[in-house]
Amino acid sequence: MSGRAQLMWDEAVTGYDFGSGHPMDPVRLALTMRLVEAFELDRGPLEVVAAKPAGDSTLRLVHREDYIAAVRRASADPAAADLSYGLGTADDPAFPRMHEASALIAGQSVGAAEAVWRGDAAHAVNFAGGLHHAMPGGAAGFCIYNDASLAIARLLELGAERVAYVDVDVHHGDGVQAAFWEDPRVLTISLHEHPRTLFPQTGWPEETGGAGAEGTAVNVALPAGTGDEGWLRAFHAVVPELLGAFRPQVIVTQHGADTHFEDPLAHLAVSLDAQRAVAEACHDLAHEHADGRWVALGGGGYAVVDVVPRSWTHLVAIAAGRPIEPTSMVPEAWRHEVFRRTRQLAPHRMTDGRTPQWRDFFDEGYDPADRLDQAVLATRRAVFPAHGLLP
């Protein structure tokens, strides 16, 4: 396998634009790429690659043909968007060339999966991807095509027998779970804010997989207000042990930055530093359990200046083998670019000034009165026995 990393990028992905005032502002993608360039990560071992858009035959690996046709129609005439497919809603307004922009993002994730599976790269990142709410027959939650599911489906098509998907977005990875609900070859793990308090109101620990795939859907429903210590405690109490039992050949991860305490659409209280720590953990787990094969995707994240570019630049740097010290100053040229484009002041450093620490679930035991520990234990009881593990 190549030791190189690939960053999937085509400037045209910023055409995925729901319009003025929508939280999914494509400036977050452009500013992330400019920060990657400001740190000169696009040189050396990191290869920047633009994959072709996903064609219909690829999209049909996950999505229904009638839905793809509906997206094409709405793309050509946004006013004619069919609400029955989730198109033209407040969450997913139709816009010109919506199909083309969505297929391009999907193509980057599929290209990342192909590069990692074929050994052209050890790691591949598409921070424009991670659109995990799209369903086989409908748009949802700012997501038109489910690039994460398409990347996994392509890996299976290429011959992968076990793929693990780890989703740390604040919202449940419902579309990916649905796509592989009855497929024992795919382990989906989602850590998210509790469905009682956040869209899409799914992702309960009792959701564990369909017939013949029991235990392959894993959901950790975190209490609103969970911060660094609880988030990291939950991740390490669930993810490593399950990956060790499942023995994936490839790990696909989704790194929505909307767990952050500044995110306007959710209620967790995670820092940039904890997000970086989880990205490092995913990198290490890929080497420990999947011969280093790692596909890393973006996702949600609506603090588009203060959080998203820094979080995903850390992700790219980790994948490239050139991690950025959290105390590093943000390049001044990038801060000027932020102000030019948004009239907002950019952060000065690549850290929130936190040093994330957590109590180990195994060494220190659990507190039955603690809501975070109750969530972790609910998940372990629901799925661990299916993998031969003690809850």
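Visitor: Against which helices do the buried residues of H10 pack?

Guide: The buried residues of H10 pack against H1 and helix H9, the latter spanning 308–319. This is a predicted model, in which local features need pLDDT of at least 70 and side-chain atom pairs count only at pLDDT 80 or more, while totals for chains, interfaces and linings use all residues. Residues are numbered from 1 along each chain as its sequence is written, and side-chain values use heavy atoms, with hydrogens and water left out. Helices (H or I, at least four residues) and strands (E, at least two) are DSSP runs, numbered from the N terminus. Packing here rests on contact, meaning heavy atoms within 4.5 Å.

H10 itself covers residues 332–342, and its buried members are Trp 334, Arg 335, Glu 337 and Val 338. Buried means under 20% relative accessible area, exposed means over 50%, and partly exposed lies in between (1.4 Å probe, protein chains only). Seen down the axis of H10, these buried residues fall within an arc of 160°, so they line one face of the helix; the arc is that of the directions from the helix axis to the C-beta atoms. The face turned away from this buried side carries the exposed residues Ala 333, His 336 and Arg 340. After H10 comes Arg 343, with a positive phi near 60°. In general, most residues other than glycine have a negative phi.

The packing against H1 can be described in detail. The axes of H1 and H10 come within 10 Å and cross at roughly 160°, where axes are lines fitted to C-alpha atoms, for helices over the stretch in contact, and angles run from 0 to 180 degrees between N-to-C directions. That angle makes H1 roughly antiparallel to H10, given that angles over 145 degrees count as roughly antiparallel, those under 35 as roughly parallel, 65 to 115 as roughly perpendicular and the rest as oblique. The crossing of H1 and H10 is right-handed, that is, the near helix is turned clockwise from the far one by less than a right angle.

On the H1 side, the contact involves Val 27, Ala 30, Leu 31, Arg 34, Leu 35 and Ala 38; on the H10 side, Trp 334, Glu 337, Val 338, Arg 341 and Thr 342. These residues divide into seven nonpolar, one polar and three charged. In this division Ala, Val, Leu, Ile, Met, Phe, Trp, Tyr, Cys and Pro count as nonpolar, Asp, Glu, Lys and Arg as charged, and the others, Gly among them, as polar.

The loops on either side of H1 complete the picture. Gly 15 lies in the loop between strand S1 (5–8) and H1, and at 34% relative accessibility Gly 15 counts as partly exposed. Leaving aside residues up to four places away in sequence, Gly 15 touches Phe 95 and Ala 101. Glu 40 belongs to the loop between H1 (27–38) and strand S2 (46–49). Although not a glycine, Glu 40 has a positive phi of about 60°, and the residue is partly exposed, with a relative accessible area of 38%.
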